[in-house]
Each structure stands twice: as C-alpha cells, then as structure tokens.
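Open the model in your viewer and keep the sequence panel beside it.

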Amino acid sequence: MPVSMRVCICFYGVIGRSLKQTFPSIKTNIFDVLTENNVEFDVYLHNNCINVLRSTRAGETAQQIDNECWRMLEPVEYICEDQDKAPTNAERFDKEFAHIPDKYNDNKQSYKFALYEMYSCKKVTELWKDIKPYDCYLYLRPDLEYLHKIDLQFIKSCMARSDWNNTIATPCWHNHADEGLNDRIAFGSYDSILAWGERFDYID
C-alpha cells in the first residue's frame with residue numbers, strides 16, 4: 001500500500017533516564033501504529049549525556065545513566081553531547097532571573113533543567129530544519145510511558161485545518177493554564193514546530 005504520510009519524530013533530553021522502561025510503550029503505541037497504517041517516519045534524536053542523575057524534585061539521588069540506550073530508537077540522525085558542556089546561559093540565569101521564586105525548593109534546579117531540555121530540543125531541531133519538509137512533526141519525551149495508541153485520525157483532522165501551518169498541538173493535561181503549556185508532547189507543521197523547537201533562542 002502507498003505511504004499515507006511522512007512523519008518526523010524527535011526525542012530529546014537525557015535519553016537514558018528511563019528509556020529501557022518506556023521503550024516498549026513507544027514501540028507499541030507509536031512506532032508500530034504508524035507502521036501498521038503505512039505512515040513513513042524518521043526518528044531524530046539529541047541526547048544530553050550525563051553519568052549520574054541527581055534531581056532533588058524527582059527524588060533521584062544517584063541514578064546511573066546508560067548513555068548508549070538511545071540506539072534502541074534507531075534514529076536516522078542524532079547528536080550525543082555532554083550536558084555539562086551545553087551552553088545554557090547559566091551565568092545570565094543566575095544574574096537576571098534572580099527574582100524568580102524557588103517554587104520547587106530545589107535551589108532552582110528545575111528551572112536549570114528546563115534550560116537543558118530546551119537546548120536539547122533546539123539541537124534535535126537543527127537535524128531536520130534544512131531538509132525536505134515532512135507532513136507532520138512529532139516531539140516526544142523519552143521518559144514517558146505512552147499508555148494509549150497514537151491517534152492518527154486526530155492528527156489528520158488537525159492537518160486538515162485551514163490554520164495548520166500556525167498550529168501546535170499539546171496535551172490538555174498538566175498544562176498549568178496559569179503558567180504555560182504541557183511540554184511533554186507536541187506536534188505541528190514545519191513552520192509551527194520550528195518555533196517550538198527553537199524556544200531556547202527566545203528564553204528572554
């Protein structure tokens with residue numbers, strides 16, 4: 001059967017944080033569903049490499065990270081980069097964002113992790129931005145267990161909208177309506193998702 005559409009799938013962040021636990025759900029509920037519906041997809045990936053994860057907010061005190069398990073996702077293009085060397089504007093953050101409340105009581109570690117995440121998101125975006133556009137772009141967090149099959153009919157209904165080129169779809173759960181959007185999943189057209197992927201450049 002002919003290919004119904006082409007999808008670009010992007011993973012980013014500390015890939016090894018929990019991928020060994022989440023990969024079965026990614027394969028079953030994302031990859032396999034796309035394949036069964038004749039959707040051609042390519043995976044792109046940026047990995048923030050660290051040896052040990054320490055997250056006060058998540059209660060992770062000394063979690064060992066496998067920096068090679070990203071290969072399970074079989075990306076067509078990838079970047080693996082030491083997180084410690086990533087430019088996260090840390091000095092500017094400490095100086096100019098000093099007024100931000102320490103909401104999570106973790107010495108603002110959660111905010112700095114958000115900078116690492118957005119940097120990784122930008123780097124994976126660089127891998128596809130200069131090649132032939134896909135029909136749809138899907139950004140997924142590798143540390144999530146996907147409980148339901150990807151809803152292709154919903155995606156196609158969004159693609160049929162007249163404002164598709166200016167649309168980004170994000171989850172309606174955990175969206176912190178008073179502060180922003182859920183950053184765990186996003187999909188959209190080339191133009192819209194490019195803006196999503198390059199948020200790091202607009203932190204100010």
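The stops below go from the whole chain to single residues.

**Stop 1: the whole chain**

Start with everything shown as cartoon. This is a predicted model. Colour by secondary structure: the chain has five helices and eight strands. Trace the elements from the N terminus, and the order reads β-α-β-β-β-β-α-α-β-α-β-β-α. Now colour by accessibility. Of the 204 residues in the chain, 47% are buried. Residues 24 or more positions apart account for 76% of them.

**Stop 2: the nonpolar cores**

Select Ile-9, Phe-11, Phe-31 and Leu-73 and show side chains. These residues have the most contacts inside the largest nonpolar core, which has 31 residues. Which elements each supply at least two residues of this core? They are β1 (5-11), α1 (19-36), β2 (39-49), β6 (136-140), α4 (152-159) and β8 (185-188). The largest share, seven residues, comes from α1. As background, nonpolar side chains tend to be buried together in soluble globular proteins.

Centre on Leu-73. Leaving out residues up to four places away in sequence, Leu-73 touches Phe-11, Ile-15, Leu-19, Phe-23, Ile-26, Phe-31, Val-43 and Leu-45. Another core, of 15 residues, lies apart from the largest one. To find this other core, select Tyr-12, Tyr-134, Tyr-139 and Ala-186, which are among its members.

**Stop 3: α3 against α5**

Select residues 109-126 for helix α3, then 190-197 for α5. How do the two helices pack? Their axes are 8 Å apart, at an angle of about 140 degrees. Roughly antiparallel would need an angle over 145 degrees. The pair is therefore oblique.

Now show the side chains between them. From α3, pick Met-118, Cys-121, Lys-122 and Thr-125. They meet Leu-194, Trp-196 and Gly-197 in α5. By class, this contact has four nonpolar, two polar and one charged residues.

**Stop 4: Lys-123**

Stay on helix α3 and select Lys-123. Is Lys-123 buried or exposed? Its relative accessible area is 18%. The cut-off for buried is under 20%, so Lys-123 counts as buried. Draw a distance to Glu-126: a polar contact of 3.2 Å joins the two side chains. Then show His-46, Ile-79 and Glu-81. Lys-123 touches these three, not counting residues up to four places away in sequence.

**Stop 5: past the end of α5**

Move to the segment after α5 and select Glu-198. Glu-198 is buried, with a relative accessible area of 13%. Setting aside neighbours within four places in sequence, Glu-198 is in contact with Thr-125 and Lys-129. You have met Thr-125 already, in the α3 side of the helix contact.

Select Arg-199, also placed in the segment after α5. Arg-199 is partly exposed, at a relative accessible area of 22%. Where does its side chain reach? The side chain of Arg-199 comes to 2.8 Å from the backbone oxygen of Trp-196. Show Met-118, Cys-121 and Asp-183 as well: Arg-199 touches them, not counting residues up to four places away in sequence. Met-118 and Cys-121 also belong to the α3 set that meets α5. Finish with a C-alpha distance. Arg-199 and Tyr-119 are 80 residues apart along the chain, yet their C-alpha atoms are separated by 8.2 Å.

**Stop 6: Gln-63**

Jump to strand β4, residues 60-64, and pick Gln-63. Gln-63 is partly exposed, with a relative accessible area of 24%.

**Stop 7**

Most residues other than glycine have a negative phi.

- Glu-74 has a phi near 50 degrees, a positive value. Find Glu-74 in the loop between β4 and β5 (77-82). Glu-74 is exposed, at a relative accessible area of 64%.
- Asn-105 has a phi near 55 degrees, also positive. Asn-105 lies in the loop between α2 (90-96) and α3. Asn-105 is exposed, at a relative accessible area of 65%.

Technical notes: Residues are numbered from 1 along each chain as its sequence is written. This is a predicted model: local features need pLDDT of at least 70, side-chain atom pairs count only at pLDDT 80 or more; totals for chains, interfaces and linings use all residues. Side-chain values use heavy atoms; hydrogens and water are left out. Helices (H or I, at least four residues) and strands (E, at least two) are DSSP runs, numbered from the N terminus. Buried means under 20% relative accessible area, exposed over 50%, partly exposed in between (1.4 Å probe, protein chains only). Contact means heavy atoms within 4.5 Å. A polar contact is a pair of N or O atoms within 3.5 Å; within protein, one must be able to donate a hydrogen and the other to accept it, and residues adjacent in sequence count only if both atoms are side-chain atoms. A nonpolar core is a set of buried Ala, Val, Leu, Ile, Met, Phe, Trp, Tyr and Cys residues joined through side-chain atoms within 4.5 Å. Axes are lines fitted to C-alpha atoms, for helices over the stretch in contact, and angles run from 0 to 180 degrees between N-to-C directions. Angles under 35 degrees count as roughly parallel, over 145 as roughly antiparallel, 65 to 115 as roughly perpendicular and the rest as oblique. Ala, Val, Leu, Ile, Met, Phe, Trp, Tyr, Cys and Pro count as nonpolar, Asp, Glu, Lys and Arg as charged, and the others, Gly among them, as polar.
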